[in-house]
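Here is a short tour to read alongside the model. Keep the viewer open and follow each stop in turn.

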Amino acid sequence: MKWFLYAFSMICIAVGCCIILYTSESRGVLRDIINKVDRKILAVIEAIMGVLLLFSATASHHSWFIRLLGFMAVLEGGIIFFLPTNLYDELTDWYLTSASDQTYRLFGIISIIFGTAVLSWIL
């Protein structure tokens, strides 16, 4: 499952760079994705990513961290799936309209750090 860790880390690094460099455009793309795709589909995709991280944790030097990311992703997918619609709408409204550009850049920096860490820990 090294291929998944490589793909995951490269995607994290690329998305983080795009969020930092093109903050308003990234916000628009994310708004389009969240508004056009059903939230239950997004939740299932998140949970599948978490399960794949759990399975691929053995291909890393720090498998505990990859497992932690996997458990968090599965938990997030479950929360998104079972969250009441009004609470989900408030959460996405905050993230898409109220959050500042500095918050988006912080998420981009965190994404680059996670992607780089996972990339450097692959066996």
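## A partly exposed pair of residues

Let us begin with Asp32, which counts as partly exposed because its relative accessibility is 41%; the classes used here are buried for under 20% relative accessible area, exposed for over 50%, and partly exposed in between, with a 1.4 Å probe and protein chains only. Asp32 belongs to helix H2, where helices (H or I, at least four residues) and strands (E, at least two) are DSSP runs numbered from the N terminus.

Leu68, in helix H4, has a relative accessibility of 41% and so counts as partly exposed. Its C-alpha atom is separated by 27 Å from that of Asp89, 21 residues apart along the chain.

## About the model

This is a predicted model in which local features need pLDDT of at least 70 and side-chain atom pairs count only at pLDDT 80 or more, while totals for chains, interfaces and linings use all residues. Residues are numbered from 1 along each chain as its sequence is written, and side-chain values use heavy atoms, with hydrogens and water left out.

Now turn to helix H1, residues 2–21, which holds Ser9. Ser9 counts as buried because its relative accessibility is 0%. Setting aside residues up to four places away in sequence, Ser9 touches Gly115, Val118 and Leu119, a contact being heavy atoms within 4.5 Å.

Cys12 is also found in H1; with a relative accessible area of 14%, Cys12 is buried. Beyond its neighbours within four places in sequence, Cys12 has contacts with Ser111, Ile112 and Gly115. Cys12 and Gly108 lie 96 residues apart in sequence, yet 8.6 Å apart in space, C-alpha to C-alpha.

## Where H2 meets H6

Helix H2 (residues 23–36) packs against helix H6 (residues 101–120) at about 80 degrees, and their axes are 10 Å apart. That angle makes H2 roughly perpendicular to H6. Axes are lines fitted to C-alpha atoms, for helices over the stretch in contact, and angles run from 0 to 180 degrees between N-to-C directions; under 35 degrees counts as roughly parallel, over 145 as roughly antiparallel, 65 to 115 as roughly perpendicular and the rest as oblique.

On the H2 side are Thr23, Arg27 and Leu30, which meet Asp101, Tyr104 and Arg105 of H6. This contact comprises two nonpolar, one polar and three charged residues. Here Ala, Val, Leu, Ile, Met, Phe, Trp, Tyr, Cys and Pro count as nonpolar, Asp, Glu, Lys and Arg as charged, and the others, Gly among them, as polar.

## The largest pocketThe largest pocket has 33 lining residues, with Val15, Leu30, Glu46, Glu76 and Tyr95 nearest its centre. A pocket is an open set of points on a 1 Å grid where a 1.4 Å probe fits, with protein on both sides within 12 Å along at least five of seven lines; lining residues have an atom within 4 Å of a point. The lining divides into 27 nonpolar, three polar and three charged residues.
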